[in-house]
Amino acid sequence: MNDDFHRIRRLPPYVFAHIDPIKARLRASGTDIIDLGMGNPDMPTPEHIVEKLKETVKDPRTHRYSSSKGIPGLRKAQASYYGRRFGVKLNPDTQVVATLGSKEGFANMAAAITAPGDVVLVPNPTYPIHSFGFIMSGGVVRSMPAEPNEDFLRSLDRAVRHSIPKPIALVLNYPANPTAYTATLDFYKEVVAYCKAHNIFILSDLAYAEIYFDGEVPPSILEVPGAIDISVEFTSMSKTYSMPGWRVGFAVGNERLIAALARVKSYLDYGAFTPIQVAAASALNGTDSIIEEVRQIYQDRRDVMVESFARAGWKIPSPKATMFVWTPIPDQYAHLGSLEFAKLLIQETGVAVAPGVGFGEYGDQYVRLALVENDQRIRQAARNIKKFLSGNLQGQGNVVPLAAAGN
């Protein structure tokens, strides 16, 4: 009776659970933690969206059960967004489902389409739900390269030819979390052509569609002619509109896949609170200036982080998109691996980062930094790290002996 349940046993250890207790103990002792670990947007939701929520919640009719696939107005707003942004025409009744964030939508899609033993191709490293959703559903995950290049295409062909049974689906995530890789429309065209030829579904996570920099606009895979025959795409309002706690996302695309997701959701939930859906529709139908302001803030933070960390002695790459920097561990600490380095870093500097191994074993020589602190806090993190890298931390309040902080 003490054994873990079957699906719990299939899940790997949750790496971030090793960092959170250290973070909590340090905060309890008075240490100022600069948290660059979790991708939790710190900017407030725009006021007009909040006001629409407050206006709608006063109507008692909105207090009843909502619709698990999303109210019609919200699905129409998402279809309109795809038309404006990508030139993709969607039927809001059959090709759009509102989800409780893109994470929930992805997990339920995995449950809807996966039979025990089905093989799914997933980038490594990648956002954990891309793998865990299929693992929890009884599927088998085969790792793919994360970078969208010729090596990816060669690996795709090898995986399809040598997997038994043949893979049922391929997961794509560009702009990517955690690696910040971006894909071109030409890359999508090659992948769509290959997957159509081999009857493989494509699940594309486009949660960072609007968080891009330097004018390099990410495309949707649904822009490829015929992609909708085999593809579903997931988006989120969390980052685009600074609405993470509202839990509003979407799945759009192939009618068969969307119908399967809608049916699973109909058994599990009644959708988000109606006033939240109304406010989300208002955001999508509103001005794009809000999106542009959020994008500019993240770009400014990126530039500050790249510049200040370089001066601290840690040269990190400048991402083209997302709210993350994916960077190798400094050479002198590479032998530790990402988890032990992240633990040491927070204990010695008060700066929390996400260990790369939490996104897959091929991420173990990297850490992910989230752009979720303001410019001043990012510069303070760089100053703390500079002292750490130079070995000049004696007397710093953030120093906690490794044994005292726990493993």
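In the predicted model, strand 2 (residues 96–99) and strand 8 (residues 249–253) run antiparallel and are joined by four bridges. Within this pairing, threonine 99 has glycine 249 of strand 8 as its bridge partner. The residues of strand 2 are divided between two directions: Val96 and Ala98 point one way, whereas Val97 and Thr99 point the other way. All four of these residues, Val96, Val97, Ala98 and Thr99, are buried.

Strand 9 is paired with strand 12 (residues 366–370) in the antiparallel sense, and five bridges are found between them. Along this pairing, valine 325 has leucine 369 of strand 12 as its bridge partner, and proline 328 is placed opposite tyrosine 366 of strand 12. The pairing of strand 11 with strand 12 is likewise antiparallel and comprises two bridges. Here proline 355 stands opposite valine 367 of strand 12. Strand 12 itself is mostly covered, with four of its five residues buried.

Helix packing was examined for helix 11 (residues 289–312) and helix 13 (residues 375–390), whose axes come within 8 Å and cross at roughly 20°. Because angles under 35 degrees count as roughly parallel, helix 11 and helix 13 are described as roughly parallel to each other. The crossing of helix 11 with helix 13 is right-handed. On the side of helix 11, the contact is made by Arg301, Val304, Met305, Ser308, Phe309, Arg311 and Ala312. Helix 13 contributes Asp375, Ile378, Arg379, Ala381, Ala382, Ile385, Lys386 and Leu389. Classified by residue type, the contact between helix 11 and helix 13 contains nine nonpolar, one polar and five charged residues. Among the contact residues of helix 11 are Val304, Met305 and Phe309, and those of helix 13 include Ile378, Ile385 and Leu389. Arg301 and Arg311 of helix 11 also take part in the contact, as do Asp375, Arg379 and Lys386 of helix 13.

Notes:
Residues numbered from 1 in each chain as written. Predicted model: local features only at pLDDT ≥ 70, side-chain atom pairs only at ≥ 80, totals over all residues. Heavy atoms only, no water. Axes fitted to C-alpha atoms, helices over the stretch in contact; angles between N-to-C directions. Parallel < 35°, antiparallel > 145°, perpendicular 65-115°, else oblique. Left-handed = near helix turned anticlockwise from the far one by under 90°. Contact = heavy atoms within 4.5 Å. Nonpolar A, V, L, I, M, F, W, Y, C, P; charged D, E, K, R; others polar. Pairing = 2+ DSSP bridges. Buried < 20%, exposed > 50% of the residue type's maximum accessible area, 1.4 Å probe, protein only.
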